[in-house]
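Here is a short briefing on one protein model.

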Amino acid sequence: AGYREAGLPLDAVWSDIDVYDKNRLFTYDPKNYAPTSLSAFVDELHTSDMHWVPIVDCAVASEPGFPPYDRAMGNVNGSDSGGADSVFVQGRTGGPYFGQVWSGPSHWVDWLHPRAAEYWGGELLTWRSNGGAFDGVWIDMNEPSNFCTGDNCAKSDTSLNATCQLVCEAPE
């Protein structure tokens, strides 16, 4: 980008949400952040005494089969706990609280859950080993944001608008 040539200091590169595949936390976009090229890019930064800091949007996409979701639900090694071991914030109906952010229908980690730190740390380590050796993370949307209105939300069987793919009701 010509920073060195222009004599401009640059000690870190920060990557926004475009780092993710389908805006899902703990993934890399396969085209723009493919693991091999990302690793080479980060190695080049480190060789130049620079750092790489990707964004971390704290909502986990609610997609069965998506490894970070399955592990948060307590589904490991092919087991299905039915969410009984979930590290997610629980909603009023007893299941994980639903909301929607960039990744679509999502859940948030309950930081007071006894497995929360182990889960979060494990996901960060796995993410780091699958791509670039980041030097820190930019924590974004760390509050339970929700693009939908209403308190009691559930996934819809039909396609709704792009802003909210959930069916939400106001609390009674």
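Helices (H or I, at least four residues) and strands (E, at least two) are DSSP runs, numbered from the N terminus. The model is predicted: local features need pLDDT of at least 70, side-chain atom pairs count only at pLDDT 80 or more, and totals for chains, interfaces and linings use all residues. Residues are numbered from 1 along each chain as its sequence is written, and side-chain values use heavy atoms, leaving out hydrogens and water.

**Nonpolar cores**
- A nonpolar core is a set of buried Ala, Val, Leu, Ile, Met, Phe, Trp, Tyr and Cys residues joined through side-chain atoms within 4.5 Å; buried means under 20% relative accessible area (1.4 Å probe, protein chains only).
- The largest core has 29 residues, of which Tyr28, Trp52, Val56, Tyr119, Trp120 and Trp127 touch the most other members.
- Two or more residues of this core come from each of α2, β2 (51-57), β3 (59-61), α3 (67-72) and α4 (116-129).
- The most come from α4, which gives five residues.
- Another core, of five residues, lies apart from it and includes Ala59, Val101, Trp108 and Met141.

**Contacts and the loop**
- Contact means heavy atoms within 4.5 Å.
- Not counting residues up to four places away in sequence, Val56 touches Tyr20, Leu25, Trp120, Leu124, Trp127, Val137, Trp138, Ile139 and Asp140.
- Ile17 sits in the loop between β1 (12-15) and α2 (35-47).
- Ile17 and Asp140 are 123 residues apart in sequence, yet 9.6 Å apart in space, C-alpha to C-alpha.

Note on methods. Buried means under 20% relative accessible area, exposed over 50%, partly exposed in between (1.4 Å probe, protein chains only).
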